[in-house]
Amino acid sequence: MNNDFDIVSLYILQLASSGISHIEKEIQKLKEDEELRLREDEMKEAQEKLDLLSEKLHEFDKERKKFDDELVLKTDKIKKNEKRLSSGTITNTKEIISLQEEIVSIKKFNDSIENKVLELLIKIDDLNEELKAEKEKKDKITAHVDNLKNEIDKKIDRLQIVLKKYLNRKEEILKTIPDDYMSKINELVQKKGGIAVGVFKDRMCLACNMEISTGESSKMENANEVFKCPNCRRMLIKYRDKIEDVKKEFLDINS
Ligand SMILES: [Zn+2]
């Protein structure tokens, strides 16, 4: 492997890649927010209940209108009969009695209709109360959902900014890394849970947190060489002060 590039780039690439995958997971988690989903379900339920109540109210109104129309018709009929009776043109007693009986019967019928209308009006009042309460409930849930969405969007926006920064950094650093390193890195990323490059310090591999034997570490002195951890097989670079600066670059998500 050629070493005419700054091997710290490998570590920068690692932190950028880890950061990117971490942020992408966070964004996905926010998009699938459990609480938001629950509240959205509640909102849907509340809307369905509202629709059902509105439909019922509409039915009651229709029924009421039907009764009202019927009352108008029947009242007309009474008026007609009364007019005929008072006109003096009917002399047949049987016919007079029949008309009078019909009036009584219609009035009785109208009374029953009026009672039904009254019952219906009470039901409509109750339904309107229920509708009002349900609407308030739904408005409350909707406001909560809007707030949650807002909060989540803000968090996602913030993460997107960091993500973009890391993606740019990764793209930039990739240009400096030779291809032969990249194929090895990609292989390790697949095998080692996304972590291909680590740092060793004081005979410790900071990727797997295992101690490296004195014998092995004595062969790992050259700061410009990329080594392999005898334990986790990841690429290792020797610790140096610059590592701290690199870490600082990717603090956004680790803080
Ligand atoms: Zn290791």
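## The hairpin of strands 4 and 5

In the hairpin of strand 4 and strand 5, 6 residues lie between the strands, and Arg233 takes a positive phi near 70°. Strands here are DSSP runs of E with at least two residues, helices are runs of H or I with at least four residues, and both are numbered from the N terminus. The model you are looking at is predicted, so local features need pLDDT of at least 70 and side-chain atom pairs count only at pLDDT 80 or more, while totals for chains, interfaces and linings use all residues. Residues are numbered from 1 along each chain as its sequence is written.

Strand 4 pairs with strand 5 (residues 235-238) in the antiparallel sense, over 2 bridges. Two strands count as paired if DSSP finds at least two bridges between them.

Strands of a sheet pair through backbone hydrogen bonds, either parallel or antiparallel.

Strand 5 pairs with strand 1 in the parallel sense over 4 bridges. Here Val197 stands opposite Met235 of strand 5.

Axes are lines fitted to C-alpha atoms, for helices over the stretch in contact, and angles run from 0 to 180 degrees between N-to-C directions.

The axes of helix 1 and helix 6 (residues 242-249) come within 10 Å and cross at roughly 25°. The two helices are therefore roughly parallel to each other (angles under 35 degrees count as roughly parallel, over 145 as roughly antiparallel, 65 to 115 as roughly perpendicular and the rest as oblique). Val8, Tyr11, Ile12 and Leu15 of helix 1 make the contact with Lys242, Ile243 and Val246 of helix 6; two residues are in contact if their C-beta atoms, placed from the backbone, lie within 7 Å. By class, these residues are 6 nonpolar, no polar and 1 charged. Ala, Val, Leu, Ile, Met, Phe, Trp, Tyr, Cys and Pro count as nonpolar, Asp, Glu, Lys and Arg as charged, and the others, Gly among them, as polar.

## Helix 1 against helix 3

Helix 1 (residues 8-31) also packs with helix 3 (residues 93-174), at an angle of about 155° and with the axes 9 Å apart. Helix 1 and helix 3 are therefore roughly antiparallel. Among the residues that meet are Ile12, Ile20 and Leu30 in helix 1 and Ile156, Leu163 and Ile173 in helix 3. The contact divides into 16 nonpolar, 3 polar and 4 charged residues.

## Two domains

The domain assignment gives domain 1 (8-23 + 178-249) and domain 2 (33-167); such bounds come from an automatic or database assignment. Taken over C-alpha atoms, the domain centres are 71 Å apart. Their contact takes 4 residues from domain 1 and 5 residues from domain 2.
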